[in-house]
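Here is a short briefing to read alongside the structure. Have a look at the fold first, and then we can walk through it together.

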Amino acid sequence: QEDGFQGITIATAEYSIEGTDAADMEHTKKSDSIFWKIEGETLYIKGTGEIPNYSNTSALTNLLRFNRADWYGQKNSIKRVVIGAGITQVGELTITNMTKLESIEIQGKDVTLVNGAVNNYEGNNNQTLTVTVPLSVYQQNQMGEMRWFAPASRVNIKNPAINLPEN
């Protein structure tokens, strides 16, 4: 893939895990339609289709664990996430535990944000997260009801600010 992008790791149908942090990496593959890279402090995800749901429990044995998302190892250096226009779903726990996250930009006009797509377990050092989305995505996901966002467990975490561009 050009420009340093690489396919995201996805679980195959045979994927299964047991235990708290086990990983069945034999049954994963690289996506040929969704790609990612980190450049500076920005995570870019582009391509066409759905970013899959990730799991935070061994009970969901067919889902890749969130800590196996390709970018998870660099979560503490990511300040910005850009989701390209061809992405149609941001799966559960796609954006999680990013302690320095300042902004998320969703470029597509028809994007499903699964419940808990953004999960802010550790918070953002008490700064407000800004999410820029087209009005159509805001409305489609009833973003004001906040189901797409799970706040950090610490008290006094600010809800994200939603930015709706004019176009």
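Let's begin with charge in this predicted model: the protein carries 14 positive and 19 negative charges, and their mean positions lie 7 Å apart. From there we can move on to the fold, the surface and the core.

**Fold and overall shape**
- The protein has 13 strands and 1 helix.
- The protein is as compact as a globular protein of its length, because its radius of gyration of 15 Å is close to the 15 Å that the globule rule gives for 167 residues.
- Along the principal axes, the C-alpha atoms occupy a box of roughly 45 × 40 × 30 Å.
- Among contacts with a separation of 6 or more, 65% join residues 24 or more positions apart.

**Surface and burial**
- The accessible surface is about 8200 Å², and carbon and sulfur atoms make up 45% of that.
- Of the 167 residues, 44% count as buried.

**The nonpolar core**
- The largest nonpolar core holds 38 residues, and Ile 45, Tyr 54, Trp 71, Val 81 and Ile 104 have the most contacts inside it.
- Two or more residues of this core come from each of β1 (6-11), β2 (28-39), β3 (42-47), β5 (80-83), β6 (87-90) and β8 (103-106).
- Leaving aside residues up to four places away in sequence, Trp 71 touches Ile 8, Trp 36, Ile 38, Leu 43, Ile 45, Tyr 54, Ile 78, Thr 94 and Met 98.
- As general background, nonpolar side chains tend to be buried together in soluble globular proteins.

Conventions. Residues numbered from 1 in each chain as written. Predicted model: local features only at pLDDT ≥ 70, side-chain atom pairs only at ≥ 80, totals over all residues. Heavy atoms only, no water. Helix = DSSP H or I, 4+ residues; strand = E, 2+ residues; numbered from the N terminus. Rg over C-alpha atoms; globule rule 2.2 N^0.38 Å. Buried < 20%, exposed > 50% of the residue type's maximum accessible area, 1.4 Å probe, protein only. Contact = heavy atoms within 4.5 Å. Areas by Shrake-Rupley, 256 points an atom, 1.4 Å probe, with all protein chains shown as cover. Lys, Arg positive; Asp, Glu negative; His and termini not counted. Charge placed at Lys NZ, Arg CZ, Asp CG, Glu CD. Core = buried A, V, L, I, M, F, W, Y, C linked by side-chain atoms within 4.5 Å.
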